[in-house]
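Here is a short note on the two chains and how they pack. Please read it beside the model.

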Protein chains: 2
Amino acid sequence: MSSRARLLLVSTSTTFGTGYLDHCAEAIAAHFAGARRVLFVPFALFDREAYAAKARTRFEALGFELDSLHRAADPARAVEGAEALFIGGGNTFRLLRDLRRSALLEPIARRVRGGMPYLGTSAGSNVAGPTIRTTNDMPIVDPGGFEALGLVPFQLNPHYLDPDPSSKHMGETREKRLQEYLEENERPVVGLREGGWIECRGETSFVLRGAPRARLFVRGREPFEVEPGTELAAWVCA
Amino acid sequence: MSSRARLLLVSTSTTFGTGYLDHCAEAIAAHFAGARRVLFVPFALFDREAYAAKARTRFEALGFELDSLHRAADPARAVEGAEALFIGGGNTFRLLRDLRRSALLEPIARRVRGGMPYLGTSAGSNVAGPTIRTTNDMPIVDPGGFEALGLVPFQLNPHYLDPDPSSKHMGETREKRLQEYLEENERPVVGLREGGWIECRGETSFVLRGAPRARLFVRGREPFEVEPGTELAAWVCA
């Protein structure tokens, strides 16, 4: 990844009791400062038209115009010409399938490495990683391979959820699932709780932002907590 | 599927407060009656040796000897010669990858269609369906395609979990995830709560057993509940 990459990887678009993108609105406005129009990727939800309308309303309130990629006559050209990119959440498998089908993975990765600011929420944060192997989503469609944009060197687990000590459910906890990931894979994972995001600068700076702590999963050691404001590079640039 | 197939597809191996396979022990003993040895597939967990030991202890208590497939010099031959098959739970992607790598999908499907009784728990139930597109598991490895054994005409969602009305978590509920599956796929899904299982006979009989109700997801209608004892064929043989 070139040193010009700038990404904001957000756990969830909406935290409990607040509106769409409210909790990270200031960070988004600062991240996209200098851009006038934002290109939105609505592929993770089925109803792209409704999703684009929702995103447009929100971004207009932040002072940006919004174009949705599903309306572009030539999607690759739209990516080439974009000032800023926002990939919204939904189902990660559907999102990755449609990015691959539309041959947009390479053009997006190239533009981000060249400095186009990238915002992802949930599934849109997942696909910024090397693979989608740490998504929480149901594999409702075959994405044609789990490799994703590879814009950061670590895996993301958005909506990270602590075990509920009162639960009688016997399905695996999130922590157990991520430990199973590490049984099969080398790359570290950031368990990003709702309300948190990662500010990525170039190849070597990945700072945790937002209210909650994050939980890091690194092969060969116990999972551990990091505080907001922490530079994660020492753990995630393996 | 031939009319000789007999499957017991169990939601979870262990319900809250009971031991391994306790809640369905009688049903398993009846299902495998006539067999002396059970062939166990431990591929869904990382530590196959420990998993096989646990399963062996349990099946010996039920009156069966147990051979684990990971110890077989010739796995395909072991499947050919098996009297009864048990595929245990864990990670569905890892299980399917290893069944495919070992070229065991076709031999297993053929033997089950020919009448070899099949028991699955959790991931082992998931892979009995046409695809693993309704698993809850994290895609920690690429299974080389989502198509599975196809022994029943419907999809399974084991460990089906009702929404928690007190939750402040914003990730998708299970119901929402399964509705997203139906946005992209035609086949019905049985949401099988912990404590439940499906008794499958031939091509046309799929009876819900165990304590809890199940939740059915059929394209074009609202999800609905079915009681234990219900024959599901009318909904799941689309």
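1. Helices here are DSSP runs of H or I with at least four residues, strands are runs of E with at least two, and both are numbered from the N terminus. On that basis, Glu106(B) and Arg110(B) both sit in helix 5 (residues 105-113) of chain B; being four residues apart, they are separated by about one helical turn. Their side chains form a salt bridge with an N to O distance of 2.9 Å. The term requires a side-chain nitrogen of Lys or Arg within 4 Å of a carboxyl oxygen of Asp or Glu.

2. Conventions. This is a predicted model: local features need pLDDT of at least 70, side-chain atom pairs count only at pLDDT 80 or more, and totals for chains, interfaces and linings use all residues. Residues are numbered from 1 along each chain as its sequence is written, chains are lettered from A and ligands numbered from 1 in the order written, and side-chain values use heavy atoms, leaving out hydrogens and water.

3. The scale runs as follows: buried is under 20% relative accessible area, exposed is over 50%, and partly exposed lies in between (1.4 Å probe, protein chains only).

4. Now a buried pair. Glu175(A) and Arg215(A) are both buried. Their salt bridge has an N to O distance of 3.0 Å. Glu175(A) lies in helix 7 (residues 174-184) of chain A and Arg215(A) in strand 10 (residues 214-217), so the bridge ties together parts 40 residues apart in sequence.

5. Which salt bridge joins Asp137(A) to the other chain? Its partner is Arg177(B), at 3.5 Å from N to O. Asp137(A) is in the loop between helix 6 (123-126) and strand 6 (155-160) of chain A, while Arg177(B) is in helix 7 of chain B. Asp137(A) is buried at 8% relative accessible area. Arg177(B) is buried too, at 13%.

6. The count is 49 salt bridges over all chains, and ten salt bridges between chain B and chain A. Another bridge pairs Arg94(A) with Glu180(B), with the closest N and O atoms 4.0 Å apart. There is also a salt-bridge network, whose members include Lys176(A), Glu180(A), Arg94(B) and Asp98(B).

7. The interface. Chain B and chain A each give 44 residues to the contact, meaning heavy atoms within 4.5 Å. About 3,600 Å² is buried between them, with carbon and sulfur atoms giving 58%. Buried area is the accessible area (1.4 Å probe) that two parts lose on being put together, summed over both.

8. What does chain B bring to its side of the interface? Helix 4 (92-101), strand 6 (155-160) and helix 7 (174-184) of chain B each supply at least two residues. Helix 7 of chain B gives the largest share, seven residues.

9. The core. In soluble globular proteins, nonpolar side chains tend to be buried together. A nonpolar core is a set of buried Ala, Val, Leu, Ile, Met, Phe, Trp, Tyr and Cys residues joined through side-chain atoms within 4.5 Å. The largest one here has 114 residues, and Tyr118(A), Val127(A), Tyr118(B) and Val127(B) touch the most other members. Leaving aside neighbours within four places in sequence, Val127(B) contacts residues including Ile87(B), Leu95(B), Tyr118(B) and Ile132(B). Apart from that core lies another of 23 residues, among them Leu8(A) and Phe32(A).
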